[in-house]
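Morning, everyone. Please look at the chain on the screen while I walk you through it.

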Amino acid sequence: MEYSNRQIKSYSGDLMQKGKYGESIILQWLKENPNVNEVIDMREFRISQRLDVDCGIETLDRSLVLAEIKTDYNLGKTNNFIFEIFRINHFVDADKVFYLGWVFRSPAKYLLYYSPNENIIYRFTFKNIRETIGQYIAKVKPQIISVPTDEQKTTFNILIPQYLFNNKIQKFELKINNE
């Protein structure tokens, strides 16, 4: 995307449709999981959108855990995971210009990251993601990517090498045709 050629809103268009497709794949996978009693789709609740929580997962022991869902079409092409670390709002009062990205803001226990290129769902805990980011940037100058999200905001993302999450995440290979 041309930096100055921004969408009017970020929650519309092709990228949003790709994200919704990934959400539907993950929600269906959860519903078919024998360790899941019920999946509560929270995507349409405004409060859930603000908190960065997409669903509640009720386990067999009736515990409820929250999860955020993301889709990345670059997984399988690169050796990095990308995480939103903060956003800048362009046209608001000074005290509202900066806010944390979903990787630091979400109260969810799990991040379920769908890779369409690999037909894999990666399951992280947010605790492990945050610890890994902190440990990584203590040793290495990170690669930060700014994305002209829409006319109102710019998003800043960090790339973290996938190998840093070895033994910290679970990978689930899907048996689907994702055309």
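**A helix across a sheet**

Start with helix α4, residues 126-139. It lies across β4 and β9, and it runs at about 80° to β9. Helices (H or I, at least four residues) and strands (E, at least two) are DSSP runs, numbered from the N terminus. For angles, axes are lines fitted to C-alpha atoms, for helices over the stretch in contact, and the angles run from 0 to 180 degrees between N-to-C directions. Contact means heavy atoms within 4.5 Å.

A word on where this comes from. This is a predicted model: local features need pLDDT of at least 70, side-chain atom pairs count only at pLDDT 80 or more, and totals for chains, interfaces and linings use all residues. Residues are numbered from 1 along each chain as its sequence is written, and side-chain values use heavy atoms, leaving out hydrogens and water.

Now the sheet. It is open, with 4 strands in the order β5-β4-β9-β8, and the pairing is antiparallel. At the edges sit β5 (98-100) and β8 (143-147), each pairing on one side only. From one strand to the next, the twist averages 30°. Two strands pair if DSSP finds at least two bridges between them. Strand β4 (residues 80-89) and strand β9 (residues 153-161) have 9 bridges. Ile-82, for one, has Leu-159 in β9 as its bridge partner.

Step back to the whole chain. It has 4 helices and 10 strands. Of its 179 residues, 40% count as buried. Buried means under 20% relative accessible area, exposed over 50%, partly exposed in between (1.4 Å probe, protein chains only).

Next, charges. How many salt bridges does the structure hold? There are 8. A salt bridge is a side-chain nitrogen of Lys or Arg within 4 Å of a carboxyl oxygen of Asp or Glu. Side chains of opposite charge can pair when their charged atoms come close.

Take Arg-105 and Asp-52. Their closest N and O atoms are 2.1 Å apart. This pair links distant parts of the chain: Arg-105 is in helix α3 (residues 102-105), Asp-52 is in the loop between α2 and β2 (55-59), and they are 53 residues apart. Arg-105 is partly exposed because its relative accessible area is 26%. Asp-52, at 10%, counts as buried.

Another salt bridge joins Asp-150 and Lys-153, at 2.7 Å between the closest N and O atoms. Asp-150 is buried at 2% relative accessibility. Lys-153 is buried too, at 9%.

Finally, Glu-23, Asp-41 and Arg-43 are linked in a network of salt bridges.
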